[in-house]
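Please read them alongside the coordinates.

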Amino acid sequence: MQAEGLILAGGGSTRMGGLHKGSLLYRKKTFIQILEDELKKEATHVSISYGAKRREYAGECSVIMDYYPGCGPIGGIHAGLRECRGEFLLTAACDMPLLKIELYRYLYDTLLGKEKIGISYDGAVPIVDGRIHPLSAIYRRRAGSRMEEQILAGNYRLTDALKCMNILYADVTEQKVYVQMLRNINTLKEYERLIKYE
C-alpha cells in the first residue's frame, strides 16, 4: 500500500469538557499513540493535523498545519493531501481509538478490486447505517485539488466536496467488527464507558 497516514486532531473537544480527545488514555496509551501505531502498520509516514493550533500530544508524528485555517476537517485533510508523497492518504479521526488497520486494508482492497475492472476512485469512505465516516477513510492525493477549490469558494463542508468527486462508499453496516472500529468517543460519559472494561 503506497500510503501515508494522517490523524485529524484539530477539533475543539467542547463536548469533552475542554479535554483534548487525542490526549485521552486507553490501555495506557493516548488515543493519538494508538492510532499512530495502527497506521504505521501500513503507512510509510504518519502526520498529525491540529488545524491552526499546535499541541504537545504529537507523539512521534510530524505536525501538519492547515494552509487555510478555520475551515474544519476539510482544511486538515487538504493539508495532509498537499503534504502527502504517497498515492494514498489514510485519515483517522482522533476520537476513534478502536480503529484498526484492517478497516483501511478492506477499503484499499475494495478500491483495487474496482480498478481491475477499469474504475478509478478518488477515495473510499465507510458507511454505517446510512451515515458516512469521511474522517476515517482513504483519499487519493489528487482529491486535495478538489478540496482546495471548495475551500477557496468558501464552502467548508467536506461532504459537499465528496459529492464532486468519484468516491467509493463502502457500506460496512453488516460487518460488526468495522462498526465497532468506527465508534466515536465524543463525551466524558462515552469515555467512561470505554475505559470501564479495558
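Is Glu87 buried, partly exposed or exposed? The model is a predicted one, and in it Glu87 has a relative accessibility of 29%, which counts as partly exposed.

1. Glu87 pairs with Arg140 in a salt bridge whose closest N and O atoms are 2.8 Å apart. Arg140 lies in strand E9 and Glu87 in the loop between helix H2 (73–83) and E6, so the pair links distant parts of the chain, 53 residues apart. Arg140 has 5% relative accessibility and counts as buried.

2. A salt bridge also joins the side chains of Arg105 and Glu42, at 2.8 Å from N to O. This pair too links distant parts of the chain, 63 residues apart: Arg105 belongs to helix H3, and Glu42 to the loop between H1 and strand E4 (46–49). Arg105 is partly exposed at 30% relative accessible area, and Glu42 is partly exposed at 23%.

3. Helix H3 covers residues 101–115 and spans 21 Å from first to last C-alpha, close to the 21 Å expected. Its buried residues are Ile101, Leu103, Tyr104, Leu107, Tyr108 and Leu111. They fall within an arc of 155° seen down the helix axis, and so line one face of H3. Their packing partners include helix H1 (31–39), strand E6 (88–93) and helix H6 (176–181).

4. The structure has 14 salt bridges. One of them connects Lys29 and Asp37, with 2.5 Å between the closest N and O atoms. Lys29 is partly exposed at 35%, as is Asp37 at 34%. Salt bridges also link Glu38, Lys41 and Lys100 in a network.

Methods:
Residues numbered from 1 in each chain as written. Predicted model: local features only at pLDDT ≥ 70, side-chain atom pairs only at ≥ 80, totals over all residues. Heavy atoms only, no water. Helix = DSSP H or I, 4+ residues; strand = E, 2+ residues; numbered from the N terminus. Expected span 1.5 Å × (residues − 1). Buried < 20%, exposed > 50% of the residue type's maximum accessible area, 1.4 Å probe, protein only. Arc of directions from axis to C-beta. Contact = heavy atoms within 4.5 Å. Salt bridge = Lys/Arg side-chain N within 4 Å of Asp/Glu carboxyl O.
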